[in-house]
Amino acid sequence: MLLERRYGLADSGGIQMVTEEEYVASGMALVPGWFDQFDAWMFSTVTRLQSEAGLGGDLLEIGVYAGRSAILLGYRALEGERVLVCDLFGQEAPDAVNRNEMAGVYGDYRVDHSLSRQAFEERWRECHETPPEIVHGPSSLLADQFGDRRFRFAHVDGSHIYEIVAGDIEYCQNTVMPGGIVVFDDYRSLHTPGVSRAVWESVLGSGLVPIAATAKKLYATWSGSDNPVTPAALTAAQPPLEGHELVVSDLAGQPVVIVLREGYLSDDDDDVVEASWRRAARAVTPPIVVRGARELRDRFDRSR
């Protein structure tokens with residue numbers, strides 16, 4: 001087995017579980033995918049802040065790929081909590097548009113065994129004794145099968161098609177509990193405009209509040225100030241994120257943590273640093289969203 005061979009963890013009693021520290025440090029890189037050390041730190045820190053605040057609930061991932069981030073979520077589930085994952089796992093997509101997207105991004109995904117459910121479950125068993133709950137199919141199945149679930153953490157990393165992402169967001173809005181966090185992958189990538197549109201529409205139209213942004217993922221909530229995961233809590237979190245800086249910028253009056261590579265803010269001049277913060281904020285936020293958020297804030301201020 002992949003991680004067993006890497007760590008030599010097989011013994012006469014069977015397989016010794018890979019620890020979270022081992023997985024993040026080395027094992028994660030053996031699982032195909034793009035989930036990196038910096039978002040791994042964010043996942044661990046966000047879920048720890050939730051647990052310390054007494055917030056309990058299940059954890060959701062829509063779009064597993066090979067399982068790199070889902071396996072990490074398995075370590076973050078506390079006693080009584082479950083991890084629910086949803087993926088096609090090589091199954092043919094339900095419509096032509098989705099099939100074309102899958103083929104364009106992943107090639108002939110139906111014959112790639114590394115993306116199969118069996119391969120994912122094998123990797124999972126090397127790290128966890130308790131299996132995840134699996135929805136083997138499109139994310140549209142979630143509302144019917146798990147509409148009554150409550151999640152404290154949801155990771156949306158499935159289809160890039162606008163209509164499907166909008167449906168995933170609606171499901172999360174109905175099932176992520178107060179104080180919960182929802183994470184969106186590819187919210188700003190050039191090749192995923194459908195994700196960007198769906199996410200920022202939710203910011204402008206349904207009260208989704210961004211809390212933090214990395215190069216790949218946006219962390220947000222519908223709970224606003226009632227959330228235990230705040231920019232202040234993230235910047236004060238220990239251990240710190242090595243090789244990166246966490247700076248609090250302004251998104252139309254709303255503080256948001258932006259994760260930058262170390263040295264991005266390298267000038268001691270306050271004006272230059274302030275300009276760098278603004279440049280960082282612009283890098284992760286479409287101008288129309290900034291204008292829309294300001295208009296919403298101004299209307300709220302006038303109504304007070």
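Helices here are DSSP runs of H or I with at least four residues, and they are numbered from the N terminus. On that basis, Ser44 lies in helix α3, which spans residues 37–52, and the same helix α3 also holds Thr45 and Leu49.

The model is predicted, so that local features need pLDDT of at least 70 and side-chain atom pairs count only at pLDDT 80 or more, whereas totals for chains, interfaces and linings use all residues. Residues are numbered from 1 along each chain as its sequence is written, and side-chain values use heavy atoms, with hydrogens and water left out.

Burial is judged by relative accessible area, where buried means under 20%, exposed means over 50%, and partly exposed lies in between (1.4 Å probe, protein chains only).

| Residue | Relative accessible area | Class |
|---|---|---|
| Ser44 | 16% | buried |
| Thr45 | 4% | buried |
| Leu49 | 12% | buried |

For Leu49, the contacts beyond neighbours within four places in sequence are Pro228, Val229, Ala233 and Leu234. One of these partners, Ala233, is 184 residues away from Leu49 along the chain, and the C-alpha atoms of Leu49 and Ala233 are separated by 7.8 Å.

Note on methods: Helix = DSSP H or I, 4+ residues; strand = E, 2+ residues; numbered from the N terminus. Contact = heavy atoms within 4.5 Å.
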